[in-house]
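Dear colleague,

I am handing over the structure below, and after it you will find an account of what came out of going through it. Please read the account with the structure open beside it.

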Amino acid sequence: MGIIQCSKGHFYDSETNASCPYCKGGESGVGVTKPLPVKEVGKTQALVQSEAVVSIAGSPEDKGKTVALMKRAMGIDPVVGWLVCTHGADKGRDYRIRGQRNFIGRSETMDICIRGDETISRENHTIISYNPKNNGFKIAPGDSKGITYLNDEEVLMPMSLSAYDVIEIGTSKLTFIPLCGERFKWE
Amino acid sequence: MGIKKAYEAVISILRKTPAPLTEEREQNVQEREEKLKFSFGNLQHIGKRETQQDAFGFSNTTDKEYIMQHGIIAVVADGMGGLAYGKEISEEAVRYMLAGFREGGRGSSIREQLLGQVYELNGYIHSKYQMQGGSTLIAVYIKENNLYWVSVGDSALYLKRENRLYQLNKEHIHYNTLCQKVFLGEISSNEAWENEDKHALTEYIGKDTLTEVDCNIWPFVLKQGDKLLVCSDGISGYLLESEIAKAMEGDIRMCCQEIEQLIVSKQHPYQDNFTGLMIYCE
Ligand SMILES: [Zn+2]
């Protein structure tokens, strides 16, 4: 049997093929820099849209093709507030808070990932939750070793959050800015 | 302190990500089984499309020493046809996963490594292509008898074990979201079924933020005789599971030929590109 593996990791029969048949015609100028057409696929657009989902590719000839769905901000996963890093390695950055529980940590798998601060636990340092029923926010300690402070007080139990509260985790300080509250609520 | 402990216990039940696999447990799982040998096969076809936007690759499987040390990774990416750059992105995604595999461990557990790589890849593709293109991605990683997978989008991982076929990954399609709504009584099952967007992807590589990545928590222990099929939806979306199961009966290279011939013989007018990678546990 002449089954061999090409440099890209494809298996093919070298007795019936002079070179890898899967590489042939496969290359499409990878690595060649091409200008990207500028198109408005903006977040503003996504925010304004209503319940319906947005297909990026929806023309009839695309029928059956793999189509992407942009989750519209409303209904599925809307932003309900922000954290802004006001002190620490990521000073100046903002983080989106979405519905239900938001897990905060250094790992990319976290809902809110604060990469720069090595003193923050990788996973579940702190949890911020938004309750759509009462339109309120709470902060709770995660299950990691790291302590969370809210306005200089240690967070041991879930506590309510108000605008401009300061959350301290690791060596970072985050200011809480709600979008949802008395003046606004997603319908 | 009593309250805090109780609260922590509740939180650990509610926690979203499980604790990383401890060495001890990982070893226990491995020792239960004899070490397996693997053989491989692959198939790819353009279908009724003008371009091939699927990409795939295996890590080096010829060097037994290397496999013992590093394991095996197999990757399939299905570039998104409706968007520009589908092929480029799927090729890049496969290369990225294979390269990351060669560089070896960063995170503490295999799960964390796979997830980390996928999130990194997504960030890279998103910033480079700015939602002008995307790709699905499915990768399986095998170390000794343990199988791990990571998947974003609607590609599939099947296990054929003792005449039964199992799909191991969860597909990120709008239909699954709709089914959840059916479960909550928000819509009827008919509404879910008739939704025009039901096949649309809810997650893909190149998205602004990945909200869900499918990745197994504990290693899945493979057994002698198991066959794995890692494929794009050009296979899983066009064949019945019973057909896939039947086609996966013989020798692994025959299986690949059979799947290809079966799809070609169906002559579906919109047949998508299709790609399948097979791994047989000897
Ligand atoms: Zn090749």
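A charge is taken to sit over a ring if NZ of Lys or CZ of Arg is within 6 Å of the ring centre and within 35 degrees of the ring normal. In this model, which is a predicted one, B:K227 lies over the face of B:Y280, at 5.6 Å from the ring centre. A further case is that of B:K198, whose charged end sits over the ring of B:W193, 3.4 Å from the centre of that ring.

Since B:Y66 belongs to helix α3 (residues 64-70) of chain B and B:F101 to helix α4 (residues 86-103) of chain B, the pair ties together parts that are 35 residues apart in sequence. B:F101 has a relative accessible area of 8% and is therefore buried. A second pair, B:Y85 with B:Y129, is tilted, with 50° between the planes and 5.6 Å centre to centre. This pair, too, links distant parts of the chain, for B:Y85 is in the loop between β3 (72-79) and α4 of chain B, whereas B:Y129 is in helix α5 (residues 110-129) of chain B, 44 residues apart. Both partners are buried, B:Y85 at 16% relative accessibility and B:Y129 with a relative accessible area of 2%. Finally, B:Y66 and B:F101 come together with B:Y141 and B:Y148 in one aromatic cluster.

Helix α5 of chain B deserves a paragraph of its own. The helix has 20 residues and reaches 28 Å from its first C-alpha to its last, close to the 28 Å expected at 1.5 Å a residue. Because 14 of the 20 residues of α5(B) are buried, the helix is largely enclosed by the rest of the structure. The residue that follows α5(B) is B:Q130, and its phi is positive, near 50°.

In chain A there is a zinc site. Which residues are the protein donors of the zinc ion? They are A:C6, A:C20 and A:C23, each through SG, together with A:H10 through ND1, and they lie 2.1 to 2.3 Å from the ion. The angles subtended by the 4 donor atoms around the zinc ion run from 102 to 116°, and since four donors count as tetrahedral if all angles lie between 85 and 135 degrees, the arrangement is tetrahedral. Along the sequence the spacing of the donor residues is C-x3-H-x9-C-x2-C. Because A:H10 lies in the loop between β1 (3-5) and β2 (11-13) of chain A, and A:C23 in the loop between β2 and α1 (43-48) of chain A, the pair ties together parts that are 13 residues apart in sequence. A:H10 is buried, with a relative accessible area of 5%, whereas A:C23, at 23%, is partly exposed.

One more residue of chain A may be worth a look, namely A:V84, which is found in strand β5 (residues 79-87). With a relative accessible area of 26%, A:V84 is partly exposed. Leaving aside residues up to four places away in sequence, A:V84 touches A:R93, A:D94, A:K173, A:L174, A:T175 and A:I177. A:V84 and A:I167 are 83 residues apart in sequence, and their C-alpha atoms are 9.8 Å apart in space.

With kind regards

Note on methods:
Residues numbered from 1 in each chain as written. Chains lettered and ligands numbered in written order. Predicted model: local features only at pLDDT ≥ 70, side-chain atom pairs only at ≥ 80, totals over all residues. Heavy atoms only, no water. Helix = DSSP H or I, 4+ residues; strand = E, 2+ residues; numbered from the N terminus. Buried < 20%, exposed > 50% of the residue type's maximum accessible area, 1.4 Å probe, protein only. Contact = heavy atoms within 4.5 Å. Donors = N, O, S within 2.8 Å, 3.2 Å for Na, K, Ca; no water. Tetrahedral: all angles 85-135°; square planar, octahedral: opposite > 155°, others 65-115°. Phe/Tyr/Trp six-rings, centres within 6.5 Å; stacked < 30°, edge-to-face > 60°. Expected span 1.5 Å × (residues − 1).
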